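Thanks for asking me to look this one over. Below is the structure, followed by the notes I jotted down while going through it.

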Amino acid sequence: MSSLLPKRPRRAEARPEEILEAALEEFNAHGFDAARVEDIASRAGISKGGVYLYFPSKLALLKALIEAKVLPIAQGAAALAEAGKENPLQALRLIGQVAAVQLADARVMAVPRLVISVSGRFPEIAEFYHAHVVRQARGALEQLIGRAMELGQMRRADVKAATRAFIGPLLFEAMWTHILKGETALDDPAKLIESQFDILLNGLELRA
């Protein structure tokens, strides 16, 4: 109920960033479908019209959350990939550690969770996420892994499959931690990434 929600002092207007924080809190508390714009406004301490001044719909709020919370992670990975192309394996380790630190924050994982929850009903959200986040991050990693193969730091293999093998364990660990509430390995990012790289680079099969 909106009367039970924590309220900030009501004022004439709020910055878009404050509205987005309030929206994320409301979406997390009640789910995207059940969340009401008036309750988001209440959390932000403004009127319902104040929300619509910046964001015409809940879908617009979710898109803005993707841009504010997740896109910078993809951009950061792309920047590290570009800076580390002379030693791509080292750059991949750094990207992995940075990603593990970021994914340890439940609020970072909250936005992808929202995207997954609504993508079946709102395919435009999935398309937006793919275009703005996935394509940039995956493209940068594919280039970095391809570069590592060119330099002989990795054996030749399918670059897309190798990229999925790099990303997959991190996403699973985040889901295991924040959604399934399992024991986490995200509290020691360096150890997690070194273990992942050991398996990624050396495999599990015993060889003579």
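What follows is a set of numbered points, moving from the overall fold to pockets, surface and salt bridges.

1. **Overall picture.** Please keep in mind that this is a predicted model. The chain has nine helices and zero strands, so the pattern read along the sequence is α-α-α-α-α-α-α-α-α. Along the principal axes, the C-alpha atoms fill a box of roughly 70 × 30 × 30 Å. Of the 208 residues in the chain, 40% are buried.

2. **The largest pocket.** The largest pocket has a volume of about 820 Å³. Its lining counts 30 residues, and the closest to the centre are Tyr129, Val133, Ala137, Ile167 and Leu171. Two or more lining residues come from each of these elements: helix H4 (58–83), helix H5 (88–103), helix H6 (106–118), helix H7 (123–150) and helix H8 (159–178).

3. **What the lining is made of.** Which helix gives the largest share of the lining of the largest pocket? That is H7, with eight residues. By class, the lining of this pocket has 25 nonpolar, four polar and one charged residues.

4. **The second largest pocket.** The volume here is about 330 Å³. Among the 15 residues that line the second largest pocket, Arg155, Leu200, Leu201, Asn202 and Gly203 are the closest to its centre. H7 and helix H9 (189–202) are the elements that give two or more residues to this lining. The largest share, four residues, comes from H9. Sorted by class, the lining of the second largest pocket has nine nonpolar, three polar and three charged residues.

5. **A nonpolar surface patch.** On the surface, Met175, Ile179 and Leu180 form a nonpolar patch, and together they have about 260 Å² of accessible area. Ile179 sits in the loop between H8 and H9. Is Ile179 buried or partly exposed? Its relative accessibility is 35%, so Ile179 counts as partly exposed.

6. Arg113 belongs to helix H6. With a relative accessible area of 39%, Arg113 is partly exposed.

7. **Isoleucine 46.** This residue lies in the loop between helix H2 (37–44) and helix H3 (48–54). Why does Ile46 count as buried? Its relative accessible area is 1%, and buried means under 20%.

8. **Salt bridges around arginine 43.** How many salt bridges does the structure hold? There are 15 salt bridges. In one of them, Glu25 pairs with Arg43, with the closest N and O atoms 3.4 Å apart. This pair links distant parts of the chain, as Glu25 is in helix H1 (residues 16–30) and Arg43 is in helix H2, 18 residues apart. Arg43 also meets Glu26 in a salt bridge, at 2.6 Å from N to O. Here again the pair links distant parts of the chain, with Arg43 in helix H2 and Glu26 in helix H1, 17 residues apart.

9. Arg43 is buried, with a relative accessible area of 8%. Glu26 is buried as well, at 1%. Glu25, by contrast, counts as partly exposed at 27% relative accessibility.

10. **A bridge from H8 to H7.** The side chains of Lys160 and Glu142 meet in a salt bridge at 3.5 Å, N to O. Lys160 lies in helix H8 and Glu142 in helix H7, so this pair ties together parts that are 18 residues apart in sequence. Which of the two counts as buried? Glu142 does, at 17% relative accessibility, whereas Lys160 is partly exposed at 45%.

11. **A salt-bridge network.** One last item for your list: Arg36, Glu38, Asp39 and Lys48 are linked in a network of salt bridges.

Note on methods. Residues numbered from 1 in each chain as written. Predicted model: local features only at pLDDT ≥ 70, side-chain atom pairs only at ≥ 80, totals over all residues. Heavy atoms only, no water. 1 Å grid on protein atoms, 1.4 Å probe; cavity = no way out; pocket = protein on both sides within 12 Å on 5 of 7 lines; lining within 4 Å. Points joined across faces, edges and corners; volume = space filled by probe spheres on them. Nonpolar A, V, L, I, M, F, W, Y, C, P; charged D, E, K, R; others polar. Patch = residues over 30% accessible without salt bridge, like charges linked within 9 Å, V, L, I, M, F, W, Y side chains within 5 Å. Areas by Shrake-Rupley, 256 points an atom, 1.4 Å probe, with all protein chains shown as cover. Salt bridge = Lys/Arg side-chain N within 4 Å of Asp/Glu carboxyl O. Buried < 20%, exposed > 50% of the residue type's maximum accessible area, 1.4 Å probe, protein only.
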